[in-house]
Amino acid sequence: MDPARRKRTLQTLSTIVFWSTQILAHITGIVLLVATGVWVSKYFGGFNWGQSPGTFSYHAFFGILGLVVVCGEAILFIEVPKRLSLSVIVQKAVHATIHTCALIFTIVSLSAAILNKNIINYSHLYSLHSWLGLMVIIVFFLQYVVACVIYGVARRVGDWLTDLYQNTHAYIGLFTFALAVATCLTGFMEKVAAEIDNYWNLPPEAVLANICCILLVIFSACVAYCASRPTTPSAEATTTYVEEHTADSMDKDTNEKQEGEV
C-alpha cells in the first residue's frame, strides 16, 4: 500500500471509530437514564417530592442526569465542532449551555438529598458517597465560575489567557466527570446495601442496580475515549508511521534480494 493511501485509510478508520463511539455513548446515556428512572420508580417510591422515599428518586435520577449524562454530553460535544469545522463561538456557547443545564440538575439532586435526609432524620455527610458528592459539587461549581470568568473576559485581555487555561480546564473537567461517576457508583452500592436485605440472592432491584452501574462504566469509557482522541489523526504522526513502515518494507525487500543473489 502506497503512503498516501495508507494515510487516508488510517484517517478513515479513526473517523469511523470516533463517530461509532459517540453513537454508543449517546445510546448508553439514554438507556442509563431509562434504567435509573425505572429503578427508582418501581422500587423506591417513584417521584414524590417531600415524601420518603419518593424524594430520594429525584436525588438519584437528577444526579446521574446532571453530573454524568449531561456533563458527559458536554465533553462529547467538544470534539464535534472540530470534526465538523464549526466556529469556536458555537462550540463554546453550546458547551456552556449544556453545563448550565447540568448545574441546574445538580442543584435539584443536591436539594433532594438534603430534604430526604431531613425527612428520615438521618445524619448528613457521613458516608464515602456523600464526601465524594460534596467534592464533585465544589469542583464542578468552581470550574463553572472560573471558566465563565476567563472565557468571558478573554476578548478584552487577549487569547493568551484562554490558551494558558485551556489544558487545565480540560483536565479538571475530565477529573470532575470521573469523580461524578465514582460518586454515582458508590451511591448505588450504598442504597443497595441499606435497602436490599437479600442482595446476595440477586433480586430484581439488585440486578437492575448492577445493570445501571455497568451502563455508567460503559458511558464513562466512551466519553473518556472520545475526549482523549485528537481532532484528526496527527499529520506528523501519520507521516512518521508511513515512513517507518515504508522504510521497513524497503529494507525487507533489499534483504530478500541480497539473500536471493547469494
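Let me begin with the second largest pocket, which is lined by 26 residues; Ile78, His95, His99, Gln143 and His169 lie nearest its centre. The elements that each give two or more residues to this lining are H2, H3, H4 and H5. The model is predicted: local features need pLDDT of at least 70, side-chain atom pairs count only at pLDDT 80 or more, and totals for chains, interfaces and linings use all residues. Residues are numbered from 1 along each chain as its sequence is written, and side-chain values use heavy atoms, with hydrogens and water left out.

A pocket here is an open set of points on a 1 Å grid over the protein atoms alone, where a 1.4 Å probe fits, with protein on both sides within 12 Å along at least five of seven lines; lining residues have an atom within 4 Å of a point.

The second largest pocket has a volume of about 640 Å³, a volume being the space filled by probe spheres set on the points. H5 gives the most to its lining, with nine residues.

I turn now to the largest pocket, whose volume is about 900 Å³. Its lining comprises 36 residues, and His59, Ala113, Lys117, His129 and Glu190 are the closest to its centre. Helices H2 (54-84), H3 (88-120), H4 (128-157) and H5 (159-195) each give two or more residues to that lining; helices are DSSP runs of H or I, at least four residues, numbered from the N terminus. Here, H5 gives the most, with nine residues.
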